[in-house]
Amino acid sequence: MHAVDQLDLDVEDGEFFSMLGPSGSGKTTVLRLIAGFERPTSGRILLGDDDVTDLPPHLRNVNTVFQDYAIFPHMDVITNVEYGLRVKKVDRKLRRQRAEDALASVRLEGYGGRKPHQLSGGQRQRVALARALVNWPKVLLLDEPLGALDLKLRREMQLELKLIQREVGITFVFVTHDQEEALSMSDRVAVFNEGRVEQVATPVELYERPASSFVAGFVGTSNRIGGDAAVAVLGVAGEYAVRPEKLHLAGPGSPHDSDEIAAPGTVREVVYLGPSTHTIVELDAGPRLTVSRPNTGASAHDALEASGARVDVVWNRGSQISLSGPHDDNQEKP
């Protein structure tokens with residue numbers, strides 16, 4: 001089995017490109033290949049027009065930011081940021097100026113004299129970012145750099161990273177297993193599965209038009225309908241997916257438009273999630289579907305009382321995604 005199998009990726013200059021996938025899917029291996037920490041058994045790695053396949057890491061114009069930051073605890077912030085330039089024997093005055101500029105680019109002006117233990121987790125992450133940016137790399141590689149942060153800080157840093165990337169204009173190649181992180185930050189995303197890329201697309205395309213059953217299941221939550229249930233509910237054979245927010249509930253036998261599907265079933269569980277409520281409905285045709293709706297007014301209280309009720313799950317036929325063949329936005333209605 002190959003760690004990465006027949007990979008062919010093009011990353012545009014200046015884009016925020018994410019590699020998304022479960023553990024062991026090959027995304028970190030690709031990052032290490034770009035950085036030069038691993039050697040490919042075949043193929044080439046190009047940085048612009050330059051073939052860097054056989055170059056060691058220190059001769060490639062890339063820098064890497066890791067999850068653990070690797071900041072030197074005995075050095076203050078400005079010395080940490082200067083470190084790479086000092087190794088390259090850059091003049092002291094010039095490296096101090098470049099380090100201060102790098103700290104300014106990550107919004108840490110005035111923090112140069114502090115020690116790492118005096119910083120928050122988000123600030124330490126930005127110091128690691130400044131230390132990478134100070135070398136003016138052509139590509140910045142980020143290996144799950146937000147993984148050690150708590151949820152609230154991670155979401156804040158997602159926005160920060162994207163803003164920083166836009167301001168500095170450097171190509172970011174970002175590795176994550178967090179689908180929300182990839183969707184919120186990226187210009188394009190490559191979804192990895194067992195060493196292969198399942199799909200490369202913008203976040204909107206990835207979510208709205210997944211190219212495979214794996215992508216539909218891994219990126220966001222999907223309701224899948226296939227086999228006999230597809231024939232019974234949709235009137236056509238094949239495998240289909242519908243996102244929970246595309247569905248709504250109606251009373252049994254309620255009228256619906258001709259371009260809508262209405263599938264009868266029974267509410268089995270209601271899950272309150274704060275901003276939204278998930279209602280799990282077991283269809284008479286077999287599968288269980290999750291229906292998501294925002295909690296506005298008294299709707300959450302009403303939903304929590306619905307367990308055991310008979311309902312119709314309704315959705316527009318155009319919102320269902322075919323997973324068994326080429327996508328067709330004008331699917332023929334049965």
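Two strands are taken as paired if DSSP finds at least two bridges between them, where strands (E, at least two residues) and helices (H or I, at least four residues) are DSSP runs numbered from the N terminus. The model is predicted, so local features need pLDDT of at least 70 and side-chain atom pairs count only at pLDDT 80 or more, while totals for chains, interfaces and linings use all residues. Residues are numbered from 1 along each chain as its sequence is written, and side-chain values use heavy atoms, with hydrogens and water left out.

Six strands form an open sheet with mixed pairing in the order S4-S5-S6-S1-S7-S8. Strands S4 (62–65) and S8 (196–201) stand at the edges with a single partner strand each, so one side of each has no neighbour in the sheet. Neighbouring strands are turned by 20° against each other on average, direction ignored (axes are lines fitted to C-alpha atoms, for helices over the stretch in contact, and angles run from 0 to 180 degrees between N-to-C directions). S5 pairs with strand S6 (residues 171–176) in the parallel sense over five bridges; valine 139 has threonine 171 of S6 as its bridge partner. Helix H5 (residues 151–168) packs on the sheet and touches S1 (16–20), S5 and S6, contact meaning heavy atoms within 4.5 Å. The direction of H5 makes about 160° with that of S6.

Helix H1 (27–35) and strand S5 (139–143) each supply at least two residues of the lining of the largest cavity. H1 gives the largest share, three residues. A cavity is a set of points on a 1 Å grid over the protein atoms alone where a 1.4 Å probe fits but cannot get out, and lining residues have an atom within 4 Å of a point.
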